[in-house]
Amino acid sequence: MELMETEASLDEARFMKNVLNKPRKAIKLCDIILKRDPLNRDAMLIKAGGLGELFLIDDAVKLIDHIIKTWPDHWEAYYLLALNHLSMQKNEEGFEALEKSLQLNQNFDNIILKAQILYLTGKGDYMSYVEKARKMDKKRAENFMKNHFIYDINTVRPTLSEIFNALCFLLKRKK
């Protein structure tokens, strides 16, 4: 019974974070799971992703480092580490983490991230990665290219929730 409750809570946390864009609620659910099961890797990964979305980068990286030490061969921790490093303009560390993620398990998420980074930096054949992602999931690739792929970094505008999260982060840093 407890395993089913945990799985249902994980599904709810994923939905909160990935679909409803409510990382705070996802983190709260993950904290409840982690109280019952301190080594629940999925709860840690969802929480780390939520922390990154809330610009709590130091907390996210600390949790990701813990995940990597505990499960050094899991691709998703390196993928999240890459996202956090790239968001802090630590491109070299971001590229290294992304390469490690790809080395461990090539999947849609890390392949499309590689395409995006190659495109923005002009450092390689990004289309081969887009095509690889398209072969994995054509519908998702088309949606990503239409709605999420960044063709001009200067035209990217933050959403209202991203602005709010950034302001909260800046206010916390001033204290």
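**View 1. Salt bridge between D42 and R14.** D42 and R14 form a salt bridge in which the closest N and O atoms are 3.5 Å apart. This pair joins distant parts of the chain, with D42 in helix α3 (residues 41-53) and R14 in helix α1 (residues 2-19), 28 residues apart. The model shown here and in the other views is predicted. D42 is partly exposed, its relative accessible area being 28%. R14 is also partly exposed, with 29%. The structure holds seven salt bridges.

**View 2. Salt bridge between D31 and K47.** The side chains of D31 and K47 meet at 2.6 Å, N to O, in a salt bridge. Because D31 lies in helix α2 and K47 in helix α3, the pair ties together parts that are 16 residues apart in sequence. D31 has a relative accessible area of 30% and is partly exposed.

**View 3. A26 and I46.** A26 lies in helix α2. With a relative accessible area of 0%, A26 is buried. The C-alpha atom of A26 is separated by 7.3 Å from that of I46, a residue 20 positions away along the chain.

**View 4. Patch of positive charge on the surface.** K22, R24, K25 and K28 gather in this patch. One of them, R24, lies in helix α2 (residues 23-36).

**View 5. Aromatic pair of W75 and Y79.** A search of the whole structure finds two aromatic pairs. In the pair of W75 and Y79, the ring centres are 5.8 Å apart and the planes are at 55 degrees, a tilted arrangement. W75 and Y79 are four residues apart in helix α5 (residues 75-87), so about one helical turn separates them. Both W75 and Y79 are buried.

**View 6. Aromatic pair of Y119 and Y126.** The ring centres of Y119 and Y126 are 4.8 Å apart and the planes are at 75 degrees, so the pair is edge-to-face; the angle needed for that class is over 60 degrees. Y119 is partly exposed, with a relative accessible area of 26%. Y126 is partly exposed as well, at 22%.

View 7. R134 and E131 both lie in helix α8 (residues 126-136), three residues apart, which is about one turn of the helix. Their side chains meet in a salt bridge of 2.6 Å, N to O. R134 counts as partly exposed at 23% relative accessibility, and E131 counts as partly exposed at 32%.

How values were computed:
Residues are numbered from 1 along each chain as its sequence is written. This is a predicted model: local features need pLDDT of at least 70, side-chain atom pairs count only at pLDDT 80 or more; totals for chains, interfaces and linings use all residues. Side-chain values use heavy atoms; hydrogens and water are left out. Patches are made of residues with over 30% relative accessible area and no salt bridge: like charges are joined within 9 Å, nonpolar side chains (Val, Leu, Ile, Met, Phe, Trp, Tyr) within 5 Å. Accessible areas come from the Shrake-Rupley method with a 1.4 Å probe; for residues, only the protein chains shown count as cover. A salt bridge is a side-chain nitrogen of Lys or Arg within 4 Å of a carboxyl oxygen of Asp or Glu. Lys and Arg count as positive and Asp and Glu as negative; His and the chain ends are not counted. The place of a charge is taken as NZ of Lys, CZ of Arg, CG of Asp or CD of Glu. Helices (H or I, at least four residues) and strands (E, at least two) are DSSP runs, numbered from the N terminus. Rings of Phe, Tyr and Trp (its six-membered ring) pair if their centres lie within 6.5 Å; planes under 30 degrees apart count as stacked, over 60 as edge-to-face and the rest as tilted. Buried means under 20% relative accessible area, exposed over 50%, partly exposed in between (1.4 Å probe, protein chains only).
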